[in-house]
Amino acid sequence: MKNQYFGDRNDFFKYDLALSLVEQVGALRAFTFVPMLTPDDEHADGNPTDYSALGKHRLGLHEYLMACVANPARRRVSSLKHYMRRNEPKVRYRQHGDDSFITDVPRESYFAGLSQVEMASSVILVDPDNGFEVATTSRATEHKYLRYAELAELYRVMGRDSVLLAYQRWPKMARDKAFADVAGRIADQLPEAYGPVCLSSGSIGFFALVKDEQLLSEVRDVFDGYANSRGFEVYA
């Protein structure tokens, strides 16, 4: 995640989805955001800000993100907490590492810094630049990816009533094959996990893992409803 992306179309999707899960899944009370923040660069990935395919039912979020996009001083990941405090007071919001780059701290310390409180009754959204590590991941590019071992450690620490949600930018291959590849790697690390189930817009997806079969069913219901209303896909 980069500050220059804040408020783009993918951001609206991820925040709206996280809030939809908190609203519709009975065990959830909180939203914990783990942005894996990296420095801005010259790329224009944050330019798409047309949310029409996602709907505008969460108008407060839409308007807030548009205001941040229009003001460079506010186009920062840390700005989300102001929206949450004002517009979502019933949701316990926790932002982890929203003002420091993951390139500037040991990765083990970054993830180990998540407290038990942050990991309980919560949607825990992990947001790297690109998604899960790939075969070509190098030391120079590792900050852009979430390691499967890191996902596994977060899963083991999180509460039984939480949902672990991980961002994935799809590679240039068939979506069902891309899902199967990631799901297989997750299964290798976490054979005990319920899931993953993945909601995909076509360009990006969100992989969800839980520790309870009933909770997985509730997450799947939210994903199915979200997909049906927007023409997205669910993979499981």
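This is a predicted model: local features need pLDDT of at least 70, side-chain atom pairs count only at pLDDT 80 or more; totals for chains, interfaces and linings use all residues.
Student: Okay, so what angle do H2 and H3 pack at?
Tutor: About 150°, and their axes are 11 Å apart. H2 covers residues 59–70 and H3 covers residues 80–87.

Student: Are they roughly parallel or roughly antiparallel, then?
Tutor: Roughly antiparallel, because angles over 145 degrees count that way. H2 passes H3 in a right-handed crossing.

Student: Which residues in H2 and H3 meet?
Tutor: From H2 you have Gly-60, Leu-61 and Tyr-64, and they meet His-82, Tyr-83, Arg-86 and Asn-87 of H3. That contact splits into 3 nonpolar, 3 polar and 1 charged residue.

Student: And H1 with H2, how do their axes cross?
Tutor: At roughly 145°, coming within 11 Å. H1 is made of residues 9–24, and its crossing with H2 is right-handed.

Student: What touches what there, in H1 and H2?
Tutor: Phe-12, Tyr-15 and Asp-16 of H1 meet Leu-61, His-62 and Leu-65 of H2. Here the count is 4 nonpolar, 1 polar and 1 charged. Leu-61 turns up in the contact with H3 and in the one with H1.

Student: Switching topic: how many disulfides are there?
Tutor: The structure has 0 disulfides.

Student: What about Cys-68, buried or exposed?
Tutor: Buried, because its relative accessibility is 0% and the cut-off for buried is under 20%.

Student: And Cys-198, buried or exposed?
Tutor: Cys-198 is buried, with a relative accessible area of 0%.

Notes
Residues are numbered from 1 along each chain as its sequence is written. Side-chain values use heavy atoms; hydrogens and water are left out. Axes are lines fitted to C-alpha atoms, for helices over the stretch in contact, and angles run from 0 to 180 degrees between N-to-C directions. Helices (H or I, at least four residues) and strands (E, at least two) are DSSP runs, numbered from the N terminus. Angles under 35 degrees count as roughly parallel, over 145 as roughly antiparallel, 65 to 115 as roughly perpendicular and the rest as oblique. A crossing is left-handed if the near helix is turned anticlockwise from the far one by less than a right angle, and right-handed if clockwise. Contact means heavy atoms within 4.5 Å. Ala, Val, Leu, Ile, Met, Phe, Trp, Tyr, Cys and Pro count as nonpolar, Asp, Glu, Lys and Arg as charged, and the others, Gly among them, as polar. A disulfide is a pair of cysteine sulfur atoms within 2.5 Å. Buried means under 20% relative accessible area, exposed over 50%, partly exposed in between (1.4 Å probe, protein chains only).
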